[in-house]
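Subject: A structure for you to look at

Hi there,

Here is the structure I promised to pass on.

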Amino acid sequence: MSRSPRLFVISGPSGAGKGTLVSRVREGRPDLGLTVSATTRKPRPGEVPDVSYHFLSEDEFSRLVEEGAFLEWDGHFERRYGTLWSEVNACLDEGRSVILEIDVNGGFNVKSAMPDAVLIFIAPPSLAILEERLRKRGSETDEQIAKRLSRVSMEMESSSRYDEVIVNDDLESAVDELAALIDRYETDERTHAHVRD
Ligand code: ADP
Ligand code: 5GP
């Protein structure tokens with residue numbers, strides 16, 4: 001069966017399990033690329049430049065915007081974040097699918113630029129479970145958790161315009177579901193992605 005490389009956008013509320021699911025699926029599919037975003041925010045402790053993000057100055061980011069180097073970019077909390085074409089093309093040119101882990105607005109911008117992109121939303125089983133996972137992860141302060149939770153209803157509403165929604169309840173089932181979806185879009189030419197209106 002022929003396999004075509006595809007661009008997959010993975011979005012969902014902070015704590016829904018995007019990072020966990022993507023890294024588990026990539027264990028079985030090391031060929032799947034994952035883009036490193038560019039940002040003008042400062043690195044947090046433990047973050048590795050060019051692995052966590054490409055950390056850029058405001059001027060560097062502006063220059064790349066002018067050069068048309070971004071597939072999409074957006075502002076969050078007075079900082080800019082974006083996906084570089086070079087990151088995406090490095091995979092697609094090698095015939096490998098690529099995953100972008102970005103927010104819903106970024107996802108919609110990608111879909112406008114590349115209608116064949118597949119938008120996959122990772123949803124938590126409930127708000128209570130999401131909050132519990134964020135607290136257990138222990139990577140944010142109470143204030144940062146509150147800020148993330150305040151975005152959840154907007155993000156959940158956007159999920160209706162995504163091509164696919166996976167509820168991350170049982171981890172193993174969700175990993176299998178994501179791997180199967182990626183496989184289906186790569187192998188089935190009839191599954192041309194579309195944004196639902
Ligand atoms: P995101 O990348 O969406 O912010 P993470 O992948 O960091 O979320 O997951 C948030 C926390 O929830 C992590 O501590 C992770 O181990 C845990 N987690 C993820 N998926 C599940 C699941 N299905 N069941 C229980 N805990 C989970
Ligand atoms: P953080 O600063 O916590 O790492 O990320 C803040 C926000 O930026 C998150 O909502 C994250 O999804 C978003 N983000 C990270 N990378 C990108 C990107 O490349 N493009 C867009 N549009 N948003 C991004």
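Below is what I found around the two ligands.

One thing to keep in mind: this is a predicted model, and every value here was computed from it.

**Ligand 1**

Start with the neighbours. Ligand 1 has 13 residues around it, and the nearest are Gly15, Lys18, Thr20, Arg137 and Asn168. H1 is the top contributor, with three residues. If you sort the shell by class, you get three nonpolar, six polar and four charged residues.

Now zoom in on some polar atoms. A nitrogen atom of ligand 1 sits 2.8 Å from an N or O atom in the side chain of asparagine 168. With aspartate 169 it is the backbone that takes part: one of its N or O atoms is 2.9 Å from a nitrogen atom of ligand 1. An oxygen atom of the ligand also lies 3.3 Å from a polar backbone atom of alanine 16. How much of ligand 1 does the protein cover? On its own the ligand has 560 Å² of accessible area, and the protein covers 72% of that.

**Ligand 2**

Over at ligand 2, the shell holds 14 residues, with Ser37, Arg41, Tyr53, Glu72 and Tyr81 the closest. Here you'll want to look at strands: S5 (70-76) and S6 (79-84) each supply at least two residues of this shell. The classes come out as three nonpolar, five polar and six charged residues.

- tyrosine 53, at 2.5 Å
- serine 37, at 2.6 Å
- arginine 148, at 3.2 Å

Taken alone, ligand 2 exposes 520 Å², and the protein buries 85% of it. As for where this ligand sits, the space it takes is the largest pocket.

Definitions and conventions: Residues numbered from 1 in each chain as written. Chains lettered and ligands numbered in written order. Predicted model: local features only at pLDDT ≥ 70, side-chain atom pairs only at ≥ 80, totals over all residues. Heavy atoms only, no water. Near = heavy atom within 4 Å. Polar contact = N/O pair within 3.5 Å; in protein donor to acceptor, adjacent residues only side chain to side chain. Areas by Shrake-Rupley, 256 points an atom, 1.4 Å probe, with all protein chains shown as cover. 1 Å grid on protein atoms, 1.4 Å probe; cavity = no way out; pocket = protein on both sides within 12 Å on 5 of 7 lines; lining within 4 Å. Sits in = over half its atoms within 2 Å of the grid points. Helix = DSSP H or I, 4+ residues; strand = E, 2+ residues; numbered from the N terminus. Nonpolar A, V, L, I, M, F, W, Y, C, P; charged D, E, K, R; others polar.
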